Amino acid sequence: MRLSDLIHGPSIVAELQATDRNGVIRELVQSLADHGAVPPESVETVARSAIARENQGSTGFGKGVAVPHVKHECLKKMTATIGRSSHGVDFAALDRAPVYTVVMLMSPANAPEEHLAAMERIFRYLQRENFRRFLRQADSREAIIELLSEADDSQTE
Amino acid sequence: MRNAECGNTRTKRAQVPHSEFPIPHFIRERHVGLSDAQAQAVREVKIGNTEGLHARPVMRFIDVASRFQSNVSVMNVTRRGEKVDGKSAMQMMLLEATQGCVLRIEARGSDAAAMVEALAVLVESGFHQHG
């Protein structure tokens with residue numbers, strides 16, 4: 001699985017307007033809906049569900065990244081997007097540090113294998129310090145898309 | 001064997017010579033509670049919950065692991081994946097452990113046996129949650 005296939009390019013938000021966790025989640029779900037990756041009528045449900053999920057335990061895995069996610073029956077196809085915040089957002093992360101890169105993953109219900117495979121892919125990349133750093137520095141949608149595709153090409157697996 | 005020279009009066013019969021002598025696999029498997037920093041414990045556990053080892057279970061795993069001094073590595077035996085650091089949430093997400101996968105939990109350190117036991121209980125309980 002290539003990350004550039006998983007991440008829905010047009011929905012990437014290079015500079016998040018929201019400054020708090022719930023706002024960021026809403027902004028990303030809205031962006032996915034605006035670009036046809038999530039049904040518009042599901043925005044509220046999906047955003048609420050992602051926030052509820054976050055309240056059960058933060059997806060701020062540390063090192064400036066968070067991976068909020070939802071599994072919901074109103075989602076027919078797995079999709080994901082990326083939001084970047086230059087100010088940093090409080091996600092109650094594991095290391096308490098602010099989050100600069102948010103990877104938001106939306107999965108259909110009853111597809112746990114696919115969900116875990118996507119998570120594996122996302123974290124395989126986020127593991128690399130350079131990838132995290134460049135992602136944080138990429139200040140346009142195009143730059144982020146290019147970075148994803150370069151990372152895919154350098155992935156030997 | 002040089003072990004007799006180590007002069008530790010508290011050495012018990014069951015204790016295994018360390019540092020110069022690799023702990024045999026069959027003894028590790030029984031996770032004998034060795035009382036030194038080289039103590040090791042290994043357990044294989046099956047993922048029972050339907051959603052597999054997703055983010056929340058990983059966070060619970062990290063939470064339990066971090067209560068112990070020992071180092072712990074985890075490997076998805078079913079997928080023959082790499083060994084990852086059981087105290088790193090990011091690395092644990094690489095296991096891609098779906099329902100039915102067998103994890104090999106390997107701890108090394110003073111509280112290795114207790115750590116492996118606690119982690120095995122957590123996994124076997126389905127991470128104390130539904131799904």
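What is the mean pLDDT of chain B, and what share of its residues reach 70 or more? In this predicted model, the mean pLDDT of chain B is 81, and 69% of the residues of chain B reach 70 or more. Over residues 1-17 of chain B the pLDDT falls below 50, and this stretch has eight contacts in the model beyond near neighbours in sequence. Where pLDDT is low, the predicted coordinates should not be read in detail. Among the elements of chain B, the lowest mean pLDDT, 56, belongs to helix α1 (residues 25-29), and the highest, 98, to strand β2 (residues 71-76). For the complex, the predictor gives an ipTM of 0.87 and a pTM of 0.83.

Chain B contains four helices and four strands. Along the sequence, the elements of chain B follow the pattern α-β-α-β-β-α-β-α. Chain B has 131 residues, of which 34% count as buried. Of the contacts in chain B with a separation of 6 or more, 65% are between residues 24 or more positions apart.

Helix α4 of chain B covers residues 112-124, 13 residues in all. From its first C-alpha to its last, α4(B) reaches 18 Å, close to the 18 Å expected at 1.5 Å a residue. The buried residues in α4(B) include A112(B), A113(B), M115(B), V116(B), L119(B) and V123(B). Seen down the axis of α4(B), the buried residues fall within an arc of 160°, so they line one face of the helix. Among the elements that cover these buried residues are β1 (40-46), α2 (55-65), β2 and β4 (102-108) of chain B. After α4(B) comes G126(B), which has a positive phi, near 75°.

Strand β2 of chain B holds N71(B). This residue counts as partly exposed because it has 15 C-beta neighbours inside 10 Å. Leaving aside neighbours within four places in sequence, N71(B) is in contact with A107(B), R108(B) and G109(B). N71(B) and A107(B) are 36 residues apart in sequence, while their C-alpha atoms are 5.5 Å apart in space. Further along chain B, R80(B) is found in the loop between β2 and β3 (83-85). The phi of R80(B) is near 50°, a positive value in a residue other than glycine. R80(B) counts as exposed because it has 7 C-beta neighbours inside 10 Å.

In chain A, helix α4 (residues 112-126) has 15 residues. The distance from the first C-alpha of α4(A) to the last is 21 Å, close to the 21 Å expected at 1.5 Å a residue. The buried residues of this helix are H115(A), L116(A), A118(A), M119(A), R121(A), I122(A), F123(A) and L126(A). N110(A) lies in the loop between β5 and α4 of chain A. The phi of N110(A) is positive, near 60°, in a residue other than glycine. N110(A) is exposed because it has 11 other C-beta atoms within 10 Å. N55(A) is placed in helix α3 (residues 43-56) of chain A. N55(A) is also exposed, with 11 other C-beta atoms within 10 Å. Between N55(A) and A92(A) there are 9.7 Å in space, C-alpha to C-alpha, and the two are 37 residues apart in sequence.

In soluble globular proteins, nonpolar side chains tend to be buried together. The largest nonpolar core here has 73 residues, and V103(A) and M106(A) touch the most other members. Strand β5 (residues 99-108) of chain A supplies the largest share of this core, seven residues. Apart from neighbours within four places in sequence, M106(A) is in contact with L32(A), V38(A), V46(A), V70(A), L75(A), M78(A), T79(A) and A80(A).

The contact between the two chains takes 13 residues from chain B and 18 residues from chain A. On the side of chain B that touches chain A, α2 and α3 (89-92) of chain B each supply at least two residues. The largest share of that side, three residues, comes from α2(B). By residue type, the side of chain B that touches chain A divides into six nonpolar, four polar and three charged residues.

Key. Residues numbered from 1 in each chain as written. Chains lettered and ligands numbered in written order. Predicted model: local features only at pLDDT ≥ 70, side-chain atom pairs only at ≥ 80, totals over all residues. pLDDT = per-residue confidence, 0-100. Contact = placed C-beta atoms within 7 Å. Expected span 1.5 Å × (residues − 1). Buried ≥ 20, exposed ≤ 12 C-beta atoms within 10 Å, placed from the backbone. Arc of directions from axis to C-beta. Nonpolar A, V, L, I, M, F, W, Y, C, P; charged D, E, K, R; others polar. Core = buried A, V, L, I, M, F, W, Y, C linked by C-beta atoms within 7 Å.
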